[in-house]
Amino acid sequence: MTATPPAKPIKKRKIKLDEHLLAYRGVWVFIENERGHVHPVSWELMGQGRQLAEQLQVELCAVVMGAPGAELDALCESAFHYGADRCYRVASPVLRLYRNEPFTQALTGLVNAHKPEILLLGATALGRDLAGSVATTLKTGLTADCTELAIDPEDRCLLSTRPTFGGSLLCTIVTLNYRPQMATVRHRVMPMPEPQPERRGLIVDFDPGLVEDNVVTRLLEFLPDSQDNTPHLPYAEIVVSGGKGLGKAENFRLVWALADVLGAEVGATRAAIHAGWISADRQVGQTGKTVRPALYIAAGISGAIQHRVGMEASDCIIAINSDPNAPIFDFAHYGIVGDCVQVLPALTRAFARHLGKPVKEIA
Amino acid sequence: MHIVVCIKQVPDSAHIRVHPVTNTIMRQGVPAIINPYDLFAIEAALRLKDRLGGHVTVMSMGPTQAEPALRKAISLGCDDAILVTDRVFAGADTLATSYVLASAIRTLGQERPVDLVFTGKQTIDGDTAQVGPGIARRLDMQLLTYVSRIVEVDPAKRSIVVERRAEGGVQVLQTALPALVTMLEGSNEVRFASTPDMFRAVRATVRHWDRNDAGIEDIKQVGLKGSPTIVSRVFGPTPRAEKARQVPFDPADPDSTAASLLEQLLADVPKVRKELEQRRSPS
Ligand SMILES: Cc1cc2nc3c(=O)[nH]c(=O)nc-3n(C[C@H](O)[C@H](O)[C@H](O)COP(=O)(O)OP(=O)(O)OC[C@H]3O[C@@H](n4cnc5c(N)ncnc54)[C@H](O)[C@@H]3O)c2cc1C
């Protein structure tokens with residue numbers, strides 16, 4: 001009686017789609033845009049969607065919703081550059097800013113009219129809000145926060161992989177007899193594709209039939225964040241992260257010192273954040289940020305799956321851990337078995353010397 | 001005002017250990033707690049009751065073992081508790097879970113109309129954030145997710161104003177009751193149980209509702225059967241072909257470990273060499 005999957009694999013599935021669901025074809029990506037800004041996760045999903053569409057030999061379609069105008073049209077063009085064959089343009093003044101009710105109505109309406117087999121959204125505040133509502137309205141399956149998407153060539157099923165609770169395990173979830181198959185993916189989990197400015201595609205307009213007076217919820221105001229302290233973390237090329245193995249709050253300054261010399265961003269595990277050693281916006285992992293740096297240095301981090309999925313796309317991972325059997329050594333590229341309180345300052349000195357920076361005496 | 005808070009009992013992730021060989025969770029002895037995010041939902045409901053009066057019912061779908069979580073909620077000040085429990089509910093995914101909870105809330109509404117439903121933003125075990133939106137859709141309630149602050153509730157005008165966390169900022173939204181609100185962590189300071197409430201919690205009856213009591217109309221929509229998603233495979237992460245290359249460490253001489261690592265990085269990892277190159281101070 002739980003939303004978490006059972007621990008044992010289930011016998012080979014049998015897909016038997018209802019007659020009316022057989023017509024569902026194509027891979028769709030919802031292009032999240034607010035105030036003229038496309039969330040980059042949408043383009044990342046287009047890159048992944050392209051691969052899925054090619055395997056299925058179907059079209060990749062972008063769904064662009066918003067107020068009518070040049071901005072929306074430009075979005076369709078961008079969607080083609082990122083790989084869309086077709087773009088569903090859902091233009092209505094009611095869709096100018098995100099609200100759950102009209103967006104749910106418009107997207108479910110579009111799905112019912114044009115019947116995709118796969119619908120992908122970013123696992124953002126907006127994407128999760130919308131995906132949950134749309135999936136329930138359509139009575140279909142939705143898998144949150146996937147770290148991997150693939151197609152089963154035998155039955156065209158979408159295989160959505162995500163970490164399981166607690167354990168160091170992943171599970172693959174499939175939607176059996178319902179379409180579309182829906183999934184959300186977090187920012188930076190998939191690589192950003194290269195846009196191809198010469199690409200063109202077909203725009204298909206869809207009228208969602210929305211009337212402002214029928215929408216109950218009003219957006220009174222939008223208060224932009226004065227500052228996100230860590231806007232650069234997902235894009236940093238070098239990240240130094242600390243975990244529970246640092247032992248105490250004061251030792252986190254060893255992480256900051258190394259990051260300072262390297263011009264790196266600082267990350268952390270959830271355990272370190274729960275300990276109150278560092279602010280929550282620096283969490284790397286399944287419920288934090290996903291990073292894809294050239295170099296990731298992990299100090300005192302065990303390598304739990306929830307942390308791993310947020311950083312394993314790093315080109316080079318260096319792990320410092322006093323336990324030679326720590327799981328992180330299974331996927332790090334370089335390992336140092338030792339006390340991070342000793343190793344970090346030594347690394348800081350070595351990098352500072354190499355980079356020609358002053359070596360401040362630390363610890 | 002009648003406020004329903006939906007909560008879930010979850011294993012305390014702080015106590016979870018993974019079996020080193022089988023990679024599975026060792027559940028024995030892991031204490032069960034109220035999903036931490038749900039505590040903010042309970043607190044938000046209780047604060048509204050403190051201000052406006054009314055009745056707070058806490059509800060959970062789960063096995064009978066989940067009863068202590070509901071008692072705990074009563075000790076915090078909830079008036080009434082319902083455990084929606086039936087063997088047919090087992091194996092539910094989020095769609096089937098939202099069906100059961102929505103049915104139970106609808107049934108409860110016949111006793112006493114429901115104005116507001118609160119949930120946590122997500123659970124720490126499933127981590128999907130899908131059940132709240134699911135309930136709202138099924139009950140045709142207005143949905144407000146990731147709410148960081150309840151600005152105002154006006155029972156006479158049947159309206160609610162909240163601040164909702166969005167990408168890059170906060171939306172101030174106004175909508176009509178009945179509404180479903182999912183609360184963000186840190187949105188309030190969760191209270192401690194008072195002594196009288198603790199006594200009340202011990203004696204209180206937690207109502208157990210089976211599928212009939214909950215008013216389930218379509219048995220095909222609950223449990224494993226009513227779940228469109230299934231877990232087809234559970235597996236450990238693929239270890240990389242080779243394990244981490246170990247750089248020997250001598251506590252007496254950490255600097256030579258660092259030097260040796262740096263040398264290897266520069267020799268073997270062009271991307272890192274390039275990054276470091278760009279960071280060299282001109283000298
Ligand atoms: C639903 C869910 C979501 C989660 N999301 C995230 C997430 O987004 N990000 C995240 O990070 N975690 C997440 N977690 C938590 C995750 O499961 C782990 O608990 C967490 O990553 C562990 O952090 P840690 O490695 O710092 O601590 P630990 O697992 O306690 O590891 C500490 C490590 O430090 C080593 N150590 C001890 N002393 C020293 C020393 N002196 N020098 C060097 N090494 C030392 C130990 O050998 C150990 O390996 C999530 C969990 C759940 C259930």
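Buried is taken here as under 20% relative accessible area and exposed as over 50%, with partly exposed in between. The structure is a predicted model, and A:Asp73, at 32% relative accessibility, therefore counts as partly exposed. Its partner in a salt bridge is A:Arg89, and the closest N and O atoms of the two are 2.9 Å apart. The pair links distant parts of the chain, since A:Arg89 lies in strand E5 (residues 86–91) of chain A and A:Asp73 in helix H2 (residues 70–81) of chain A, 16 residues apart. A:Arg89 has a relative accessible area of 18% and is therefore buried.

## A pair within chain B

In chain B, B:Arg207 and B:Asp80 form a salt bridge whose closest N and O atoms are 3.4 Å apart. This pair also links distant parts of the chain, with B:Arg207 in strand E13 (residues 206–209) and B:Asp80 in strand E7 (residues 80–84), 127 residues apart. B:Arg207 is partly exposed because its relative accessible area is 25%, whereas B:Asp80, at 16% relative accessibility, counts as buried.

## A pair between the chains

A salt bridge also joins the side chains of B:Arg164 and A:Asp129, with an N to O distance of 3.7 Å. This pair crosses between chains, running from strand E10 (residues 159–166) of chain B, which holds B:Arg164, to helix H4 (residues 125–138) of chain A, which holds A:Asp129. Both B:Arg164 and A:Asp129 are buried.

## Network and total

A network of salt bridges links A:Arg50, A:Glu54, A:Asp85 and A:Arg199. Over all chains, the count comes to 33 salt bridges.

How values were computed: Residues are numbered from 1 along each chain as its sequence is written. Chains are lettered from A and ligands numbered from 1 in the order in which they are written. This is a predicted model: local features need pLDDT of at least 70, side-chain atom pairs count only at pLDDT 80 or more; totals for chains, interfaces and linings use all residues. Side-chain values use heavy atoms; hydrogens and water are left out. A salt bridge is a side-chain nitrogen of Lys or Arg within 4 Å of a carboxyl oxygen of Asp or Glu. Helices (H or I, at least four residues) and strands (E, at least two) are DSSP runs, numbered from the N terminus. Buried means under 20% relative accessible area, exposed over 50%, partly exposed in between (1.4 Å probe, protein chains only).
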